[in-house]
Amino acid sequence: MSEPGIPTEWWASENFWRKCAIFVTGFMALVLVLLTFHTLTVIEAGSEAGRVPAYSVINHRIGYVMDDEKRRMMPVIGPKAPLFGEELTEAEAMALVDHGKLTVQARNCMNCHTILGNGAYYAPDLTKAWLDPGWGNEQARELLMTMFLKDPPTNARTFGTGRRMPNQELTDAEVRAVIAYLKWMSAIDTNGFPSGFKPLPQGPLTEAPQSQSGASHALGTSPPLAQPRRPSTKSPPPLASAPAAGLSMRGAT
Amino acid sequence: MKIGKINYSELSTAQKLSVKYFTVAMVLFLAQLIFGLVAAWQFLAPDFLFEVLDFNVNRMVHINAMVVWMLYGFIGAIFWLVEDESGVPLVGAWLANATFYVLTVAVTIVVLVYLFVQSGPGDAWTLWLINEGREYIEAPRWADIGIVICMVAFFYNVAGTFVAGRWSGISGVLVLDLVALAGLYLAGMFYTTNLPMDQYWWWWVIHLWVEATWEVLVGCIMAWGLIKTLGARRRIVTTWLYVEVALMFGSGILGLGHHYFWIGTPEYWLGIGGFFSALEPVPLVAMVVHAVYDAGRHSFRSSNHPALAWLIAHAFGNFIGAGVFGFMQTLPQINMFTHGTQWSSSHGHLAFFGAYTTIIVAFIYLTIQRLRGDVWMSGDLHGGWRWKWSLGLLHVGMVGMSMALLIAGYEQSFIERAMGGSTWQAYFDGQTQPWFIQAMWWRMIFGVIMTVGLVLLLVDFVKIGAGDDRPIRAVPSEAIPEPEAQSEELAEAAAGS
Ligand code: HEM
Ligand code: HEM
Ligand SMILES: [Fe+2]
């Protein structure tokens with residue numbers, strides 16, 4: 001630092017650093033804004049990029065497998081396996097997932113659980129809750145999830161922690177909506193987080209030749225109650241329409 | 001002014017407002033710790049208050065009380081320095097008072113609703129009236145709007161006062177930073193079905209607050225504090241402030257990307273977020289150098305020892321809690337396994353305490369000194385053990401708690417994440433590990449130590465300086481140039497370049 005009265009070097013002067021501060025802040029903010037525009041188009045639900053699935057993904061079986069090229073786990077959207085055996089249009093699926101998300105916010109789930117790894121650490125992460133091996137198998141899952149969410153304290157396993165989930169007094173509609181939201185969430189491409197997660201046993205993830213019947217048999221639920229009323233433009237989601245070879249099912253078989 | 005007595009009525013309106021804001025802040029701080037203790041106890045005894053005051057409610061009150069009391073602390077500090085720095089009285093005294101009461105009533109209602117209504121049906125009404133269910137910014141939408149209105153009123157007062165008086169480097173940075181801070185809050189005020197979109201904007205508020213705008217705000221407060229407690233030279237302090245702004249925003253704005261690794265956002269954030277956030281400790285080192293250099297240069301002869309001690313605690317706490325503990329988990333290769341474990345909690349605690357609690361406490365000591373009629377607060381304080389012990393207990397508690405949480409986080413990363421693959425079973429395997437359980441006990445014990453420290457601190461706030469008749473020590477100052485003289489210098493420099 002210079003003594004009073006002696007002129008400061010340019011690189012130590014207030015003026016130089018003020019300009020630096022303004023320039024750096026402006027530049028970084030600009031870059032962030034540009035990146036934000038790009039990211040927002042990519043994470044649109046059902047966008048080309050395929051990172052965030054269309055809401056009608058809940059009509060499909062969802063897998064989580066090792067991608068050999070990227071060397072990380074990726075969600076894979078398999079053949080039709082409608083949630084609760086009921087195939088929904090994109091708009092209906094969106095309304096259901098929306099109700100689920102509203103419920104999750106209204107009940108403050110995030111202050112016990114993490115969601116995509118963010119939130120509280122008192123209860124397990126919900127990112128892949130739909131795929132959790134704890135539900136036993138694909139056939140039992142919807143029923144077990146419903147029973148659990150209707151009355152968590154009674155159905156709690158607690159695994160020796162004694163920590164039970166309090167009863168959220170969810171209505172039937174809220175339970176279905178929350179499950180739909182969790183199913184949709186499990187299909188988001190999270191760059192491989194959580195790593196090494198092994199989903200519960202499920203039917204095949206590639207479209208079998210006689211796909212429709214094959215899928216609903218594997219599910220073991222009643223055949224879809226309703227056929228899609230209007231095939232949505234966004235359904236089936238991009239990943240499912242990609243050539244099967246690109247999907248890399250190796251991890252699943 | 002009567003030395004050693006309470007001189008509240010002789011303070012200016014803005015200074016009285018500071019005292020009010022600080023008082024509410026400290027009440028909320030105490031509430032924060034009490035609800036933290038309850039939440040921590042529920043880790044050990046999960047049936048405690050089960051379905052009465054569940055973990056999520058206690059935790060929400062814990063972290064919301066924190067966010068609100070820190071904002072109150074910042075507002076208090078700004079009201080304290082605005083008249084001194086601008087050279088004129090506050091422009092809208094009536095408005096400022098009204099804002100304080102409106103804001104405080106709103107905060108009270110929000111907390112009562114959290115505690116007694118807790119949650120609602122899954123529809124938009126709940127988000128508007130009860131709880132938004134988004135960590136840190138749970139306040140319902142009506143309160144969001146109220147907060148924004150109060151912030152506009154506050155901003156009018158601060159900016160208006162500088163306009164009426166004089167500007168300086170510190171006030172220029174401060175006002176621009178407040179615009180950004182308030183503007184960012186708007187990013188958290190909407191609902192979307194799309195979860196990645198939701199979390200994308202949510203982090204704009206959380207990260208760009210604590211790792212950009214809040215840091216710069218406390219940089220301004222620190223700069224003013226160093227001039228006041230040490231008589232540091234304004235030109236040097238201001239230059240440092242600009243350096244810190246350049247480094248902080250230069251790394252922190254794109255450092256935002258370290259929250260975009262795993263939420264569905266594109267892969268380029270792995271590189272951008274990892275790189276820029278890894279640079280974030282640099283400005284924090286600069287702040288340590290700055291504070292220690294200034295304190296050393298003045299041989300630690302300050303007009304307010306407790307304030308200076310807490311300012312130095314701020315410099316180190318910020319560097320270690322935010323810089324070191326943040327850096328430890330900021331590279332995506334590590335964050336893959338630490339994300340959403342007790343690591344985050346460890347860092348979150350040490351960073352918020354080290355960076356923000358410390359500087360607000362320092363500022364409160366400055367306020368009290370004036371409230372007590374510019375009383376002596378250097379060496380040989382009557383009852384000086386109180387400020388030293390409370391500082392010590394709070395730090396021992398916080399450091400111990402963060403270390404316990406870090407150990408829990410390590411264990412969780414290994415057992416739940418790396419080995420178990422993050423299933424529910426793996427999560428509970430991690431939670432039942434003896435090391436994890438021990439860490440939760442240690443966190444509880446250190447939490448109690450912290451709380452004792454806080455109670456002692458509050459007692460000290462009431463007692464320090466009472467009945468002492470020695471006047472404040474004049475800072476053995478390098479002359480403090482007037483801001484006007486400075487801007488002339490600036491104009492010359494600008495013209496010359
Ligand atoms: C005073 C400044 C800071 C404060 C108050 C702060 C606070 C926090 C908090 C509370 C969280 C947890 C968020 C949650 O609940 O999910 C967090 C996360 C994180 N912070 Fe900071 N932080 C600060 C500075 C930094 C710095 C400088 C770095 C990097 C060098 C950093 C790196 C991180 C990372 C990587 C995470 C994500 C953890 C995860 O993946 O779960 N932080 N921070
Ligand atoms: C008596 C002392 C304290 C206790 C017992 C305590 C306890 C807790 C508990 C149990 C949680 C929930 C963690 C989880 O979800 O697993 C929490 C979260 C948090 N606390 Fe504290 N706390 C204390 C003091 C503080 C202080 C002084 C601060 C800041 C100044 C603070 C800031 C936070 C933050 C930022 C979080 C969220 C962390 C995250 O999500 O990563 N706490 N605390
Ligand atoms: Fe961050």
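## Metal sites in chain B: exercises

Both B:E211 and B:H258 are buried. The model is predicted.

**Exercise 1.** Determine which protein atoms coordinate the iron ion (ligand 3), and classify the site.

*Solution.* 
1. List the protein donors: B:H207 (ND1), B:E211 (OE), B:H258 (NE2) and B:H259 (NE2). They lie 2.0 to 2.2 Å from the iron ion.
2. Take the angles among the four donor atoms: they run from 85 to 144°.
3. Apply the cut-off. Four donors count as tetrahedral if all angles lie between 85 and 135 degrees. The site of the iron ion (ligand 3) is irregular.

**Exercise 2.** Work out how the donor residues of the iron ion (ligand 3) are spaced in sequence, and where B:E211 and B:H258 sit.

*Solution.* 
1. Write the spacing: H-x3-E-x46-H-H.
2. B:E211 is in helix α7 (residues 195-230) of chain B, while B:H258 is in the loop between α8 (234-255) and α9 (268-278).
3. Conclude: 47 residues apart, the pair links distant parts of the chain.

**Exercise 3.** Find the protein ligands of the iron atom of ligand 2 and name the arrangement around this atom.

*Solution.* 
1. B:H62 and B:H349 each coordinate through NE2, at 2.0 Å.
2. Locate the histidines: B:H62 in helix α2 (residues 55-86), B:H349 in helix α13 (residues 342-371). The pair therefore ties together parts 287 residues apart in sequence.
3. Check burial: B:H62 has a relative accessible area of 14%, so B:H62 is buried.

**Exercise 4.** State what separation the iron ion (ligand 3) has from the iron atom of ligand 1.

*Solution.* The two are 4.3 Å apart.

Technical notes. Residues are numbered from 1 along each chain as its sequence is written. Chains are lettered from A and ligands numbered from 1 in the order in which they are written. This is a predicted model: local features need pLDDT of at least 70, side-chain atom pairs count only at pLDDT 80 or more; totals for chains, interfaces and linings use all residues. Side-chain values use heavy atoms; hydrogens and water are left out. Donors are N, O and S atoms within 2.8 Å of the metal (3.2 Å for Na, K and Ca); water is not among the atoms, so sites may look incomplete. Four donors count as tetrahedral if all angles lie between 85 and 135 degrees; four count as square planar and six as octahedral if opposite donors are over 155 degrees apart and all others between 65 and 115; anything else is irregular. Helices (H or I, at least four residues) and strands (E, at least two) are DSSP runs, numbered from the N terminus. Buried means under 20% relative accessible area, exposed over 50%, partly exposed in between (1.4 Å probe, protein chains only).
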